[in-house]
Amino acid sequence: MLKSASKITINTGNVLNLIDIKKKAGQNVTEELSESIKLTLSEWGTQNGPTQNGISKHEVSEQSSDYMVVSTSKDAVINITRPHDDAHNKMAEEERKNLKIGVKIFINEDSEASLTECLENVFAALRADRIDNVILAYNPDVPPRDDAQDDVNGKVANNVTGRVSSEEADSEADARKCEAILPGIKVLWAVLEKYEQEGRVQQLGVADVGGGCLRRLHAWARVKPTIAQIGLASCCVVPPALHAFCRANDVQLLTHADPPDLLSVAAVKTLSDAGVVGARLDWCARYQVHIKCRGVLALKGYVCKASVKND
């Protein structure tokens, strides 16, 4: 059935209760996500695979399990959730005011529809009406630029396009990256601002932008970023421009260990192993729920959307 689908949403549920993941101490983020998807698809295959073979793309049907298969004349969409997940029970053990929900969204395209779809899936997965903080990790596939040509056109680019200057950025690479990703971040940030204004998200943050880029986003945004994440792999020392800006503007500076190619690596390895060839992850959200007074991580999970190219 997975082979006939054009779109698949996967909610791993609370991965903290998956024994197979607990046994693999020291695994990195990509391995955790891949293993979580693999185990979720395995449960789906055990419970639903034999009963769904050959389903027509012209039918709409709901199975008796926790999984729902929605098919149209154009697309076959499968929504997959682990049937024995304890996420909702964990949420119910504490009053909502005692819980802090944090979400990090990994997305490679500046699509308003995709980001909205991602957020709504997270709300549905947690059955929550608000999220305490959302961090945006936007990593588009940006073609390499010619450094020599950049040097020739540098002054023109700064004056005409408002490119980050060398005084604002920590490096020329930082300035070039900002020029490439800032337009897309603005498109996605506008979506996040609507959620904040509606009271559904309390705090917004951004990952993997330099000091100059954060400065420009902060100046442009109606809802200012209050969290900035920087990758451990690229920061033995926190870039001075980024550190100075965060300190001056009350932006919480945090580190993370998430690779920029998380979506592509996890999709190729895990979905291919499950027999879904030609799949790519459009977006993925990691949610974490902490108990405030104790700082305890109560649950953690992923919600992802995959598109499948059927030849």
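Predicted model: local features only at pLDDT ≥ 70, side-chain atom pairs only at ≥ 80, totals over all residues.
## Nonpolar cores

The largest nonpolar core has 51 residues, and those with the most contacts inside it are Val-103, Ile-105, Leu-126, Val-134 and Leu-214. Helix H6, spanning residues 172–197, supplies the largest share of this core, with nine residues. Apart from it lies another core, of 28 residues, which includes Trp-44, Leu-263, Leu-281 and Cys-304.

## Helix H7 and its surroundings

Helix H7 covers residues 211–220, and its buried residues are Gly-211, Gly-212, Cys-213, Leu-214, Leu-217 and His-218. These buried residues pack against H6, strand S7 (201–207), strand S8 (227–231) and helix H8 (240–248). When neighbours within four places in sequence are left aside, Leu-214 is in contact with Val-206, Val-209, Pro-225, Ala-228, Leu-242, Phe-245, Cys-246 and Val-251.

H7 and H8 pack at an angle of about 35 degrees, and their axes are 7 Å apart. On the H7 side Gly-211, Leu-214, Arg-215 and His-218 take part, meeting Ala-241, Leu-242, Phe-245 and Cys-246 in H8. The residues of this contact divide into five nonpolar, two polar and one charged.

## The buried Thr-12

Thr-12 lies in the loop between strand S1 (7–11) and helix H1 (19–22), and this residue is buried, with a relative accessible area of 0%. Leaving aside neighbours within four places in sequence, Thr-12 is in contact with Ser-36, Ile-37, Thr-40, Arg-82, Gly-301 and Tyr-302. A polar atom of the Thr-12 side chain lies 2.9 Å from the backbone nitrogen of Tyr-302, while the C-alpha atoms of Thr-12 and Val-303, which are 291 residues apart along the chain, are separated by 6.4 Å.

## Salt bridges

A search of the whole structure finds 14 salt bridges. In one of them Asp-132 pairs with Arg-96, the closest N and O atoms being 3.1 Å apart. Asp-132 lies in strand S6 (residues 131–138) and Arg-96 in the loop between helix H3 (87–92) and strand S5 (99–107), so the pair ties together parts that are 36 residues apart in sequence. Asp-132 is buried, at 11% relative accessible area, whereas Arg-96 is partly exposed, at 21%.

Glu-120 and Arg-200 also meet through their side chains in a salt bridge, at 2.9 Å from N to O. This pair links helix H4 (residues 112–126), which holds Glu-120, with the loop between H6 and S7, which holds Arg-200, 80 residues apart. A further salt bridge joins the side chains of Arg-280 and Asp-282 at 2.7 Å, N to O; Arg-280 is partly exposed, with a relative accessible area of 42%, and Asp-282 is buried, with 11%.

Conventions: Residues numbered from 1 in each chain as written. Heavy atoms only, no water. Core = buried A, V, L, I, M, F, W, Y, C linked by side-chain atoms within 4.5 Å. Buried < 20%, exposed > 50% of the residue type's maximum accessible area, 1.4 Å probe, protein only. Helix = DSSP H or I, 4+ residues; strand = E, 2+ residues; numbered from the N terminus. Contact = heavy atoms within 4.5 Å. Axes fitted to C-alpha atoms, helices over the stretch in contact; angles between N-to-C directions. Nonpolar A, V, L, I, M, F, W, Y, C, P; charged D, E, K, R; others polar. Polar contact = N/O pair within 3.5 Å; in protein donor to acceptor, adjacent residues only side chain to side chain. Salt bridge = Lys/Arg side-chain N within 4 Å of Asp/Glu carboxyl O.
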